Amino acid sequence: MPTDQQLRDLRSELTLPGEEPPALVKKFATGQGQLGTLAVLAAQQQRIITSDRRSLLLLATRCADVPLGAWFAGLADGESAALRTLPALAAACGATDTAAEPLPGCQAYPSYLAWLALNGHPPAVAVALVANFTAWGGYCATLAGALRRFHGFDEEACAFFDFFAQPPTALERSAADALDPTGLTDPDLDAAREYGRLLQAYEGLFWSTLAELP
C-alpha cells in the first residue's frame, strides 16, 4: 500500500468515531472561555515548543542521511516560527508571571516526544506526529475563529493558532515523500500506532489540565 494511503488510514484509525473536541475548546467555540486560561496555554506552549524543537532536531540528526532527516528539520523550523507568534497571544490574553508556572499535565506531551527523539523509530515517529497534528490543527482553527468572533482579536493575536490551523494534506504529502514511497512495514505501523495513541492521550491531558484551572 502506498505510504500516503497508510498515513491517511492511521489518521482515521486514531480518530475515534464521534470524538468531540476538548471541553475547553468547546467553551471558547460558544463564547464562554476565559482569556486567562489561554494566557496559561501560551506560557505552557512556550515550554512545549522549545522542547519539541530540540526533540525534532535530534530526530533530524538521527536520520540525517535520508530524506526524513530534512522533514524533521523542517518541522523544527516550523516550531521556531510558531514560537515567535506566542508573545502577541500572551499579551492579548493578559499573561502574568503566575501563568508561566509549568503544569505537569501540560508538559507530559513534550516529555514523551523527547523520549521518542531518543528511543523511537524515526519513521514511526513521523507517522504518529502526522496523525496527531491533525487533531491539534482542528482545535487551533476553532480557537482562532472564536477569539476573532467573541473577543475581537486581530491577526497578530491569532497568529499562533492560525499557524497550526492547517489541513493535514500537505503535511501528509511531505511525510509520504520523505518516507519509503512503496509503503511502511507492519512493525513500522505497529510502532506508529503505539506512539500515536500515547501522543493523543498526552494531548488530551494538556487540554483537560487547562480546563481544570480555577
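Predicted model: local features only at pLDDT ≥ 70, side-chain atom pairs only at ≥ 80, totals over all residues.
# Close-up views of packed helices

View 1. Just past H4, the residue Gly94 adopts a positive phi of about 75°. Helix H4 itself covers residues 67-93. With 27 residues at 1.5 Å a residue, H4 should span 39 Å, and its end C-alpha atoms lie 40 Å apart, so the two values agree. Look along H4 for Thr85, where the helix bends by about 30°. A proline, Pro87, comes within four residues after that bend.

**View 2. Helix H4 beside helix H8.** How do the axes of H4 and H8 cross? They cross at roughly 150° and come within 8 Å. Since angles over 145 degrees count as roughly antiparallel, H4 is therefore roughly antiparallel to H8. On the H4 side you can find Pro67, Leu68, Trp71 and Leu75, which meet Leu171, Ser174, Ala175 and Ala178 of H8. Sorted by class, this contact of H4 with H8 has seven nonpolar residues, one polar and no charged.

**View 3. Helix H1 against helix H8.** Here H1 (residues 3-14) packs on H8 (residues 169-178) at an angle of about 130°, and their axes are 8 Å apart. That angle makes H1 oblique to H8. The crossing of H1 past H8 is right-handed. Which residues meet in this view? From H1 come Thr3, Asp4, Leu7, Arg8 and Arg11, and from H8 come Glu172, Ala175 and Ala176. The contact of H1 with H8 counts three nonpolar residues, one polar and four charged.

**View 4. Helix H1 with helix H9.** H9 takes in residues 186-211, and its axis comes within 11 Å of the axis of H1, crossing at roughly 40°. The two helices, H1 and H9, are therefore oblique to each other. H1 passes H9 in a crossing that is right-handed. To trace the contact, start with Gln6, Leu10, Glu13 and Leu14 on H1, then find Leu189, Ala192, Arg193, Gly196, Arg197 and Gln200 on H9. How many residues of each class does the contact of H1 with H9 have? There are four nonpolar, three polar and three charged residues.

Methods:
Residues numbered from 1 in each chain as written. Heavy atoms only, no water. Axes fitted to C-alpha atoms, helices over the stretch in contact; angles between N-to-C directions. Parallel < 35°, antiparallel > 145°, perpendicular 65-115°, else oblique. Left-handed = near helix turned anticlockwise from the far one by under 90°. Contact = heavy atoms within 4.5 Å. Nonpolar A, V, L, I, M, F, W, Y, C, P; charged D, E, K, R; others polar. Expected span 1.5 Å × (residues − 1). Bend = angle between axes of the 7 residues up to and from the residue.
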